[in-house]
Amino acid sequence: MRESLRLESFSIPGYNANELRERGERLLPQLAEWSKSDFAGFRRVLDSGSDCYPDLKKIRRMAAAHRKGSSGKPIRDFVILGIGGSSLGAEAILRALHSPLQEPRFHVLDNADPAQMSWLLKGLDSRETLFYVVAKSGATPETLSQFLVAIQWVKKRAKGESWKKHFVLCTDPAKGDLRTLASRWKLDCLEVPPAVGGRFSVLTPVGLFPAAFAGIPLDPFLKGAASVAAWEKAPWHENPCAQLALALAKNARERPITVLMPYSSRLSAFSRWFCQLWAESLGKKGRGLTPYPATGATDQHSQMQLYMEGPADKCLLFVHVANPGGAVAIPSVAGTADLPSFGLLKGKSVGGLLEAEFRATRDAVTNQGIPNGTLAIDKLDAYSLGALFYFWEWATAIAGAELGVNPFDQPGVEAAKVLTKKYLNENR
């Protein structure tokens, strides 16, 4: 099995080997108990005999069928209607592995923002557009409102029942209003496993159908995730995922902010996916760790001053891509050689500059005494991305156990949902 990722230059105060063994003995029973609860089935996604394993053949088949379109024109624009866990994982995959200039073009409508939706629809051709409507509960008001608008928009331009070919739904396999409509209107529909929480669902059809539509092979995602899951066979003092998760949780009072800073623009959406996972899973009972997204080297110029000399309340986690791809040499251009800033770049490459900035930033924060660690991957592909997804899902579960909170529920978001329904009824 190919090595997926490594934990390098780890300077976050954690537990020694004996303490890690003790933590494992104490926390594993709690994790085992939580694994029986609702929405804790993310680990079963990798088990081909389980209720959570994705039907890859069905996903590929449905993607291939819809890619051809239904009006004689192939689909050029794929629009994801979803919010939170229904869109962030797919967006992270597409941003990392699919060029935004390559067809099909992907668009994510993850907010009930009328201007955003109006602008997008004005620029699309309904005959060449597919909508992927994702809501595990089948009742998310933001997504359902967008779905209704999209239906009307397509129907105005379609003949008869052909509008139905422009929608694929993804929801609970047995219940919810979206499931009801899928049956009533005979719309193609994929299943979100009931036992997998939305923010843990990226390696289900939620994230894998858009990946398949983009032509990205699906098996490597699961194989990369399995390479991290294999660490479970090792004791916790030899398990990088457990070491990092426990260290971050141990420092939660002094260092309550977790900054994830991949040195790759292609992983910027991954940072936002991580933020939902970390925040919604761990922020309970007055405890938790606050995630913050960053991208290197971009945010060296917008956030690094705070990290270096601001409050000592952060742990920095870097993601280093050893071979970022896209080799671009920095040329020598006449009229610039006598200028020191340009001379510094002579004979270098853009990738070499990014590598130097990563090393410099990591060394600078280390020298400043700021706790940090690096997750290193050789290249950014479906295998390593699957590993990164699973690493943080598993780390989230372990950190929850250490903090004494159930990482698989989200009671704090219900109050706003109730009030939203109340205010909608008042505004009729």
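Two strands pair if DSSP finds at least two bridges between them, and strands (E, at least two residues) and helices (H or I, at least four) are DSSP runs numbered from the N terminus. With that in hand, welcome to a short tour of a predicted model, where local features need pLDDT of at least 70, side-chain atom pairs count only at pLDDT 80 or more, and totals for chains, interfaces and linings use all residues. Residues are numbered from 1 along each chain as its sequence is written, and side-chain values use heavy atoms, with hydrogens and water left out.

- Strand E9 spans residues 314-321, and eight of its eight residues are buried (under 20% relative accessible area, with exposed over 50% and partly exposed in between; 1.4 Å probe, protein chains only).
- Because of this burial, E9 is largely enclosed by the rest of the structure.
- One side of E9 carries Lys-314, Leu-316, Phe-318 and His-320, the other Cys-315, Leu-317, Val-319 and Val-321, and all of these are buried.
- E9 pairs in the parallel sense with strand E7 (residues 257-262) over six bridges, and Thr-258 stands opposite Cys-315.
- E9 also runs parallel to strand E10 (residues 372-377), joined by six bridges, with Leu-375 in E10 as the bridge partner of Val-319.
- E7 in turn is joined to strand E8 (residues 290-293) by four bridges, again in parallel, and Ile-257 is partnered by Thr-290 in E8.
- E7 is mostly covered, with five of its six residues buried.

- Lys-314, in strand E9, counts as buried at 6% relative accessibility.
- The side chain of Lys-314 reaches the backbone oxygen of Pro-311 at 3.3 Å, a polar contact (a pair of N or O atoms within 3.5 Å; within protein, one must be able to donate a hydrogen and the other to accept it, and residues adjacent in sequence count only if both atoms are side-chain atoms).
- Leaving out residues up to four places away in sequence, Lys-314 is in contact (heavy atoms within 4.5 Å) with residues including Arg-255, Ile-257, Tyr-307 and Ile-370.
- Thr-143 sits in helix H5 (residues 141-155) and is buried, with a relative accessible area of 1%.
- Beyond neighbours within four places in sequence, Thr-143 touches Leu-81, Gly-82, Ile-83, Val-133, Val-134 and Ala-135.
- Arg-26, in helix H1 (residues 17-34), is partly exposed at 42% relative accessibility.
- The C-alpha atoms of Arg-26 and Arg-362 are separated by 34 Å, and the two residues are 336 residues apart along the chain.

**Nonpolar cores**

- A nonpolar core is a set of buried Ala, Val, Leu, Ile, Met, Phe, Trp, Tyr and Cys residues joined through side-chain atoms within 4.5 Å.
- The largest has 98 residues, and those with the most contacts inside it are Phe-209, Phe-270, Trp-273, Phe-391 and Trp-392.
- Helix H14 (residues 382-403) supplies the largest share of this core, 15 residues.
- A second, separate core of 23 residues includes Leu-120, Phe-131, Ala-135 and Trp-153.
- Not counting residues up to four places away in sequence, Phe-209 touches residues including Ile-59, Met-62, Phe-78 and Tyr-132.
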